[in-house]
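Keep the viewer open as you read.

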Amino acid sequence: MGIQCKAAITNGAGHFETGDIVVGDPKDDEVLVKLKAAGLCHTDYDSLSWGKQLIIGHEGTGIVVKTGRDVKGLLPGDKVILNWAMHCGHCFQCLAGNQHLCEVASPVAAGGNGYTPGHADPSGTLYKDQPLLRSFNIGTLSEYTLVKQSAVVKNHSEKMSFPAASIISCGVMTGYGSVVNAAKVKPGSSVVVLGAGGVGLNVIQGAKVAGAGTIIAIDINPNKLTMARAFGATYSLRADKNDKGLLKAAEQVKKLTEGRGADYAFECTAIPELGAAPLAMVRNAGMAVQVSGIEQEITIDMNLFEWDKTYINPLYGQCRPQIDFPKIIDLYERGELLLEEMITRTYKLDELDKAFDDLLSGRNAKGVVVFE
């Protein structure tokens, strides 16, 4: 008969409702997970308008309930973190080491956030007796979810809370991985972070883990700058709304970096008008990193590239879930990465309207929906 439970479902036209779904047993390579917490980010709000009916959510953690017969290394009762960048292991990108860009299973690189072979069989999730897709193939704003084994990573921490674990699978991974995996920040280097929200704070933490000597946080919100300091920023600069392209802020950065600009700059605002801003922050031969996923068309003054500057746009911190998640958990265990402190507020599923309002208003570092 399956499990009847609640889920947040969007109609694809900007609206959502909390409805009853039925989740069935896992097929051979699938895992049934009882969700305990689901993080929220702007992408979840954006998914309300993707033109398709979906269960919302792409950050989450929970407990294994049941596994399919081909699933190895997972047992009922295991605590797990859900990862949305599924990989097949045999396509061109997977063999090149780019699991996050899998051409077969990734809901982003292969499927445009729709159905791919990385999605559990849609017939395993029914809404009004019809199959229902899950956002990013996992749909974590649901009391139960069916996912492929490649979406599941065991959490070996005994002390980590479920809300803290839930944010690893996108916000933490994206920020930390952009520093450590993509930019490969060097010890003693200087780093600028534009935007001190959930992703920006994890860029700051990643820079601290990498051994950066100078970490400069820039934000318009003084409360976020205070938090940035607590997470490892050595300097904080308050941005001015009238500073086009943050060119004046870039001059302040140069004063803090011996007049030449930072070695690395990370854009974490998701504001299209600031897409080129990290180029203004870095020295000649420096690296600008577009972290927030800006996809709109923007205009860039090519003078900002002078000279020998590199601009990269990594996806999901170049995540290798079975390698990176355990590293993040170990950093948390050693007190080198703050996760519990990042949770500003928790919500119940029926408070999702309020959670989205707080998200859009910038009140939270991270908001998390918790399940019973």
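What follows looks at one helix and its packing, then at a handful of single residues.

## Before you start

This is a predicted model, in which local features need pLDDT of at least 70 and side-chain atom pairs count only at pLDDT 80 or more, while totals for chains, interfaces and linings use all residues. Residues are numbered from 1 along each chain as its sequence is written, and side-chain values use heavy atoms, with hydrogens and water left out.

Helices (H or I, at least four residues) and strands (E, at least two) are DSSP runs, numbered from the N terminus.

Let's begin with helix 9, which covers residues 321–333. The expected span here is 1.5 Å times one less than the number of residues.

Which residues of helix 9 are buried? They are Pro 321, Asp 324, Phe 325, Ile 328, Ile 329, Leu 331 and Tyr 332. Viewed down the axis of helix 9, these buried residues fall within an arc of 160°, so they line one face of the helix. Buried means under 20% relative accessible area, exposed over 50%, and partly exposed in between (1.4 Å probe, protein chains only). The arc is that of the directions from the helix axis to the C-beta atoms. As a reminder, an α-helix has 3.6 residues a turn, so residues three or four places apart point the same way.

The cover over the buried residues of helix 9 includes strand 6 (79–82), strand 11 (152–154), helix 4 (168–183) and helix 5 (198–210). Just after helix 9, Gly 335 takes a positive phi of about 80°.

## Helix 4 against helix 9

How do helix 4 and helix 9 pack, and at what angle? The angle is about 95°, with the axes 11 Å apart. Helix 4 and helix 9 are therefore roughly perpendicular to each other. From helix 4, the contact is made by Ile 168, Ser 169, Val 172, Met 173, Tyr 176 and Asn 181; from helix 9, it is made by Asp 324, Phe 325, Lys 327, Ile 328, Ile 329 and Leu 331. These residues divide into eight nonpolar, two polar and two charged.

A few terms for this section: contact means heavy atoms within 4.5 Å. Axes are lines fitted to C-alpha atoms, for helices over the stretch in contact, and angles run from 0 to 180 degrees between N-to-C directions. Angles under 35 degrees count as roughly parallel, over 145 as roughly antiparallel, 65 to 115 as roughly perpendicular and the rest as oblique. Ala, Val, Leu, Ile, Met, Phe, Trp, Tyr, Cys and Pro count as nonpolar, Asp, Glu, Lys and Arg as charged, and the others, Gly among them, as polar.

## Buried residues in strands

Thr 10 sits in strand 1 (residues 3–10) and is buried, with a relative accessible area of 1%. Leaving aside neighbours within four places in sequence, Thr 10 is in contact with residues including His 15, Phe 16, Ser 47 and Leu 48. The C-alpha atoms of Thr 10 and Ser 49 are 39 residues apart along the chain and separated by 8.1 Å.

Ile 216 belongs to strand 13 (residues 214–219) and is buried at 0% relative accessible area. Val 192 is 24 residues from Ile 216 in sequence, yet 4.7 Å from it in space, C-alpha to C-alpha. Thr 125, in strand 7 (residues 125–127), counts as buried at 3% relative accessibility.

## A partly exposed strand residue and a cis bond

Ala 285 lies in strand 16 (residues 282–290) and is partly exposed, with a relative accessible area of 44%. Beyond its neighbours within four places in sequence, Ala 285 is in contact with Trp 307, Asp 308 and Lys 309. Trp 307 is in the loop between strand 16 and strand 17 (310–312), and the peptide bond from Glu 306 to Trp 307 is cis, with omega near -5°.

## Positive phi in two loops

Phe 136 is not a glycine, although its phi is positive at about 55°. Phe 136 is found in the loop between strand 9 (133–134) and strand 10 (144–148) and counts as buried at 6% relative accessibility.

Glu 258, also not a glycine, has a positive phi of about 60°. Glu 258 lies in the loop between helix 7 (247–256) and strand 15 (262–267) and is exposed, with a relative accessible area of 67%.
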